[in-house]
Amino acid sequence: MGKDLILELPTDVSTIQHAVEYVMRCCPTCPEDGRRLNLNFRVGLTEALSNAMLYGNAHDPSKRVLVEVALEQGTVRARVTDQGTGFDPTSVPDPTTSENIAKPHGRGLFLMRKLLDEVSYNDQGNQVTLVLRLQSGGALHGGVQA
Amino acid sequence: MGFQVSQNGEVTLVEVEGQLIVGNRQELKQQVLEQLESGDRKFVIDFANTGYIDSSGLGVLVSLSKKIREQGGELRLSTLNEDLRTLFELTKLDTLFRIADTKEQALSGF
């Protein structure tokens, strides 16, 4: 994956909003992609970061989360890697069933899968790749390595 | 970001300013539970000034709804913008909550 933007975040949920806002500012702003970027990609990336910090790194402040964002052939691709031991993404139940809907947890991965065109994990389960296909094929703005 | 709590007769109105996310969901939970413990039973959480809710925010709403119901009360939501409504529909939480278009409708519906 080409890397137009790289961020390394501490395991601190208060950094998520700022990181996502920064990535969003770098994304193309064509009208036809506006809502998909502003809702779908924003939500997906936020949930991925939250999962990485809360579950992947288990709130451990000594661990980091790596975020790599690239625009390739009209798709926005974000890869989020935590320093945890990984998990089995197939083990997360459907939160919309009658059995699970009243439970407070379990909607992050579900939203990622619903809103993004592709969500895939590495074998270990500590890295997720999110893909959103754009209609406009615009370019990322900026690209500062942080 | 913050939460404005006010009383409208018997109804406790909580207006969410900014976002309801993993970083501030505990604050909302604490504020509502304090009101519940003091005897309030009717709640409206209004999202007119809310730009975003993450899955943790959705989860705390589910948790609060359950606790309020267990005490014989009711929680309603109001003024979800198009994006927020999409999140509720995707997660089917629009079937779990009574959601009004405006806080006035939610308040008057009790």
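**Notes on the predicted complex**

1. A:Ala58 is found in the loop that lies between helix H2 (31-56) and strand E2 (64-72) of chain A, where helices (H or I, at least four residues) and strands (E, at least two) are DSSP runs numbered from the N terminus. The phi of A:Ala58 is near 50°, a positive value in a residue other than glycine. Most residues other than glycine have a negative phi. A:Ala58 counts as partly exposed because it has 13 C-beta neighbours inside 10 Å; a residue is buried if 20 or more other C-beta atoms lie within 10 Å of its own, exposed if 12 or fewer, and partly exposed in between, with C-beta atoms placed from the backbone.

2. On how to read the model: it is predicted, so that local features need pLDDT of at least 70 and side-chain atom pairs count only at pLDDT 80 or more, whereas totals for chains, interfaces and linings use all residues. Residues are numbered from 1 along each chain as its sequence is written, and chains are lettered from A and ligands numbered from 1 in the order in which they are written. The predictor gives the complex an ipTM of 0.90 and a pTM of 0.90. For chain B the mean pLDDT (the predictor's confidence in each residue, from 0 to 100) is 96, and 99% of its residues reach 70 or more.

3. B:Thr79, in the loop between strand E5 (74-78) and helix H3 (82-90) of chain B, also deserves a look. Its phi is positive, about 60°, although B:Thr79 is not a glycine. Is B:Thr79 buried or exposed? B:Thr79 counts as buried, because 23 C-beta neighbours lie inside 10 Å.

4. In helix H1 (residues 16-26) of chain A, the buried residues are A:Ile16, A:Val20 and A:Val23. They cover an arc of only 60° around the axis, and therefore sit on the same side of H1(A), the arc being that of the directions from the helix axis to the C-beta atoms. An α-helix has 3.6 residues a turn, so residues three or four places apart point the same way. On the other side of H1(A), A:His18, A:Glu21 and A:Arg25 are exposed.

5. Leaving aside residues up to four places away in sequence, A:Leu45 touches A:Val20, A:Val23, A:Ala78 and A:Leu130, contact meaning that the C-beta atoms, placed from the backbone, lie within 7 Å.

6. Strand E4 (residues 118-121) and strand E5 (residues 127-133) of chain A run antiparallel and are joined by 4 bridges; strands pair if DSSP finds at least two bridges between them. A:Tyr121 stands opposite A:Val128 in E5(A). The two strands form a hairpin with 5 residues between them, and A:Gly125 in the turn has a positive phi of about 90°. A:Val131, which lies in strand E5 of chain A, is partly exposed, with 18 other C-beta atoms within 10 Å. The C-alpha atoms of A:Val131 and A:Leu116, 15 residues apart along the chain, are separated by 6.1 Å.

How values were computed:
Two residues are in contact if their C-beta atoms, placed from the backbone, lie within 7 Å.
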